[in-house]
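Keep the viewer open as you read.

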Amino acid sequence: MSLNIKLNKILIIDFGSQFTQLIARRIRELGVFSEIVSHKKIRNKDIDDSIKGIILSGGPLNVYEINKYSFDKNIIKNGIPVLGICFGHQILSKLNGGKVKQSKHREFGLANIFRRKDSFLIKGLFNNKKLIKVWMSHADQVSKLPKNFDVIASSKNSKFAIVEDKSKKFYGVQFHPEVTHTEKGKKLIKNFIFLICRVRRNWSSKDQKNKLIKDVKLQVENNKVICALSGGVDSSVVAQLLNKAIGKKLYCIFVNTGLLRKNEEKQVIETFKKRLKINLIYVNAEKEFIKKLTNVSDPEKKRKIIGNLFIKIFERYAKKIKNVKFLAQGTLYPDLIESKSVTGSQTSKIKSHHNVGGLPKKMKLELVEPLKFLFKDEVRKLGLELNLSKEIISRHPFPGPGLAIRMPGIITKEKINILKEADHYFIQALKEYGLYHKIWQAYAALLPVKTVGVMGDNRTYEYLCLLRAITSEDGMTADFYEFRKSFIQEISNKIVNSIRGINRVVYDVTSKPPSTIELE
Ligand code: XMP
């Protein structure tokens, strides 16, 4: 395999820890580029002089189960500083002649460590303190240190909590400095990369912008690129980056499915065509989508119909442009990291996700994926650097199938109009009350039941509106957001009083799991 970006970097060799991405993020937050590779893929021949330090991650393996991993041990013989974390610490010790004690019991949670000896790695960690808290998650541990290794810090249960071979610049920590529970964990990583690896900062949003624009120009040369713009964060950043890099050779296609939020199409045209002067093709396909969705109520069928039609329309317009060589996509780094399979976990399919990213294989276009080494928070910062507004950059996620999956049962134009209004009132209220950015995602949904109400002296028989607002890290798990009673009461009154077709509002208090964020 070859490594991907030609920049000085810290290489993280992944052994399957759930925290590996966090290590990369910590290093990048410190302004240094870092890249993750699976231990199964990286070989000594891939190590070049752009690699200024190596981190061996944690993982669920046992160092003696050598048939379960295939790590090229020559990698640590290049004179490059190495930091082993948890399993990484154990394998580093074993490879240097130490021993690891197998254990059935996990040490999990906070532990106190105390200093035994000074080291660059712990500079500024203890200051006047005797003990600092670190976060442990391990079963096995090093039982005999290799020759030339010294103990820097210990805890009650882990004598070799921090160790070093100063001459070889090998370091091992039994705990996880990358998680926020570890006191001064980021400082320890900072010491490793700046005091021990002596790498220079090369990863600010401005560095990224300049580098990515240069790379896109090199890749695309004089050819045409198409890009599906959804108005979401990732596709917006890709579009603006390419706009800066290749200007009119970029053709953005924005499909109005009729299932967008209120006024969304106007905002997209205003921002991208008028303000940013992006070459934007606006396709109004509302009627086509509604027609295809008539009488369809099965969630998976809805998703498939919308996904397929989207691709068909996109292809139709892409063909009109002629001689297109590239397709730009907003693939992000977490989608790319291949080593998730170390633990062999497989998840069952809950929903067929459709977004503008998975576009059309049969067109045989080459891909331009300028964000594929970035984490979401980096994409947001890059967007600001590219003059996108804070409003675009910090928008809540919106699913590809749009309002269709917030409207269980059959879809009608009337229902879509009612839902657009309810959602608009809800989101506006969140913004007015300063709640929008405290919430990860919020929306209104329209349930396919009618209930009885009374307005004035009249009986009403209308739809039920469900409001959902959640907090989350990444959408994989979620909790409902606890509004004050006065807020939820006000928004409920506003929706029922202002929108014909809704006479009752409920608030969804389920978390994910067992529910999902969207209704379908
Ligand atoms: P669920 O409902 O699976 O949603 O808990 C998790 C996150 O994914 C978004 N979502 C989608 N995003 N295409 C997308 O681009 C889709 O088909 C899709 N379905 C769900 C959802 O809004 C939430 O943020």
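R468 is buried, since its relative accessible area is 0%, and the limit for that label is under 20%. Keep in mind that you are looking at a predicted model. What does the side chain of R468 meet in a salt bridge? The partner is D508, at 3.4 Å from N to O. R468 sits in strand β18 (residues 458-471) and D508 in the segment after β20, so this pair ties together parts that are 40 residues apart in sequence. D508 counts as buried as well, because its relative accessibility is 11%.

The segment after β20 (502-507) also holds E520. Here the salt bridge is with K302, and the closest N and O atoms are 3.0 Å apart. Since K302 belongs to helix α8 (residues 299-321), the pair ties together parts that are 218 residues apart in sequence.

Next, have a look at R261 and E264, whose side chains meet in a salt bridge of 3.1 Å, N to O. R261 has 15% relative accessibility and therefore counts as buried, and E264, at 2%, counts as buried too.

D423 lies in helix α12 (residues 413-432). Which side chain of opposite charge is nearest to D423, and how far away is it? That side chain is R406, 4.6 Å away. A salt bridge needs the nitrogen within 4 Å of the carboxyl oxygen, and D423, though buried, has none.

Elsewhere, R26, E29 and K186 are linked in a network of salt bridges. The structure holds 22 salt bridges in total.

Now turn to helix α4, which covers residues 205-220. Its 16 residues reach 22 Å from the first C-alpha to the last, close to the 22 Å expected at 1.5 Å a residue. Which residues of α4 are buried? They are S205, Q208, K209, L212, I213, V216 and V220. These residues cover an arc of only 125° around the axis, which puts them on the same side of α4. The spacing has a simple background: an α-helix has 3.6 residues a turn, so residues three or four places apart point the same way.

The face of α4 turned away from its buried side carries the exposed residues K206, K214 and L218. On the buried side, the cover includes the strands β12 (224-228), β15 (324-328) and β16 (366-368), together with the helices α5 (233-246) and α10 (376-385). Just after α4, E221 takes a positive phi of about 50°.

Finally, step back to the whole protein. Where do the domains run? Domain 1 spans 9-196, domain 2 spans 205-393 and domain 3 spans 406-507. The centres of domain 1 and domain 3, taken over C-alpha atoms, are separated by 48 Å.

Technical notes:
Residues are numbered from 1 along each chain as its sequence is written. This is a predicted model: local features need pLDDT of at least 70, side-chain atom pairs count only at pLDDT 80 or more; totals for chains, interfaces and linings use all residues. Side-chain values use heavy atoms; hydrogens and water are left out. Helices (H or I, at least four residues) and strands (E, at least two) are DSSP runs, numbered from the N terminus. The expected span of a helix is 1.5 Å times one less than its number of residues. Buried means under 20% relative accessible area, exposed over 50%, partly exposed in between (1.4 Å probe, protein chains only). The arc is that of the directions from the helix axis to the C-beta atoms. Contact means heavy atoms within 4.5 Å. Lys and Arg count as positive and Asp and Glu as negative; His and the chain ends are not counted. Domain bounds come from an automatic or database domain assignment.
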